[in-house]
Amino acid sequence: MGRNKKKGLDYFPFDVDLFQDIRIRKLIRRQGGDAVTVYAVLLCIIYKDGYYMKWDEDLPFIISEQTGYDEDYILEVFNCCLSLGLFSKELFESDEVITSKGIQERYQKICGTLGRNHCAISEYSLISPEETAVSTEERVITSVESAQIKETKDKTKTAPQPVGRKESGESPVANVGATGERAGKVSAPRCYGTMPASFDQIDESIRWATGKADVLARQFGVDASTVLRYANEVAASWRITNEYNRQKPHTHMCRTIRRKIQDESRTRAPGMARSPSAVELRIAKERELERLERERALKVDSRAALQAYLASKGLPSDVSLVSTVGNRPPAIN
C-alpha cells in the first residue's frame, strides 16, 4: 500500500510588507499587537493541513495554551479578522470554514514550486478557474524542470573517477551527499545534518538556553532550574547521538525541552503538585489585584466617620477627644 500523499506544508512565506497591509494595521489598532500573534498561529494551523480548516470549539483553548492569551480575547481577534477580510466571512458563516483567497494563492504557489500535482484546490475554492489553470501549467513546468535537474545530478554521480585517485579514509557520514544518498550499502547514521557534530554549536545552544531560561520557564509553566536541567540533558544526548538540527539548533533545543516537560507532566504520579501554567499565573495575579481593589474600596475614612458621629451628637467637629492624666475626656451622650 502506498503512502498517503502529503497535502500540508512545512513552511509558508511571510511577506516583508505584512505590516503595511491596511487590514493588519486596522487589526493592530483595534486589538493590539498581540492580535498579530493570534493571526500567525491560525495561519500555521491552516497550512499544516492544507489551505483551510474547519472551526472547532476547542480552537480558542488550543491557541490560548500556545500564546498565553485569554480565550475571550482570541475570539475577539478572530471575529475582527473575519470583519477585516483576513479570512472569508462568507465561507465561515455558510460552512464554518476558515480560509481566504490569499491563503489559497500562497498554498497553490508553494505546491507548484514543490511539483505537487495532487494538491489542487477543489473544496471551498475562492480562486477563479482561470487562475487555477495558470497554476496547473506552472506545476507541470516545475515538475519537468525538477526531473531535468535530477537527471543531471544522476549523470554527475555516475561519472568515472579520475585514474590514480587515492582512496580516502572518510567515514560514511562524511560521504553523504546533499540529497542524503551515498554510494555503497553501509547506511549513514540518522541525523539532521551531513557534517560531524560541532561541540561549539551545541555549547552555543546551551548558552542560549541559559540566557533564555526565565523566558522559557514562564512559557512552559516551570522554574528556570528545570529548563536548565533539560537543556543539559538534551546537549549531552546531542554529543552522543549526533542527531540535532544544525540549521536551527536553538529551535530544536526549545522544542525538545518542551516535549520533555510535557512528558514529565503526563507521567507525574496522581496527587503530585503541578506547576501552574503561564495562563494560570496571570489569572491568579488578576484575581489578586481585583481582591486588593475591593479591599481598598471597603476601607472607611476614619476622620470623616468621626466628624459624622460628632455631628449626629450635636458636637463641634473640632472638639478634642485627647485625655490627659487627671482629666477626663468630655462626656458624649
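Helices in this predicted model are DSSP runs of H or I covering at least four residues, and they are numbered from the N terminus.

Close-up 1. R239 has its place in helix α10, which spans residues 224-241. Not counting residues up to four places away in sequence, R239 touches F199, I202 and D203. One of these pairs, R239 and I202, lies 37 residues apart along the chain, yet the two C-alpha atoms are separated by 7.8 Å. Because its relative accessible area is 33%, which falls between the 20% and 50% limits, R239 is classed as partly exposed.

**Close-up 2. The salt bridge of R229 and E233, also in helix α10.** The side chains of R229 and E233 meet in a salt bridge, with an N to O distance of 3.9 Å. The two residues are four apart in helix α10 and are therefore separated by about one helical turn. R229 counts as partly exposed at 39% relative accessibility, and E233 is likewise partly exposed, at 37%.

**Close-up 3. The salt bridge of E204 and R207 in helix α8.** In helix α8 (residues 199-211), E204 and R207 are three residues apart, so about one helical turn separates them. Their side chains form a salt bridge at 2.9 Å, N to O. E204 is partly exposed, with a relative accessible area of 37%, whereas R207, with 52%, is exposed.

**Close-up 4. The salt bridge of D21 and R23.** This pair has its closest N and O atoms 3.0 Å apart, and the structure holds four salt bridges in total. D21 is partly exposed, with a relative accessible area of 22%, and R23 is partly exposed as well, with 33%.

**Close-up 5. The negative surface patch and helix α4.** The patch is formed by D56, E57, D58, E71, D72, E76, D95 and E96. Helix α4, residues 71-84, supplies the largest share of the patch, namely three residues. E71 is found in this helix, and at 35% relative accessibility E71 counts as partly exposed.

**Overview. The chain from which the close-ups are taken.** The chain contains 13 helices and two strands, and 27% of its 333 residues count as buried. Among the contacts between residues at least 6 apart in sequence, 62% join residues at least 24 apart.

Conventions. Residues numbered from 1 in each chain as written. Predicted model: local features only at pLDDT ≥ 70, side-chain atom pairs only at ≥ 80, totals over all residues. Heavy atoms only, no water. Patch = residues over 30% accessible without salt bridge, like charges linked within 9 Å, V, L, I, M, F, W, Y side chains within 5 Å. Areas by Shrake-Rupley, 256 points an atom, 1.4 Å probe, with all protein chains shown as cover. Lys, Arg positive; Asp, Glu negative; His and termini not counted. Charge placed at Lys NZ, Arg CZ, Asp CG, Glu CD. Buried < 20%, exposed > 50% of the residue type's maximum accessible area, 1.4 Å probe, protein only. Contact = heavy atoms within 4.5 Å.
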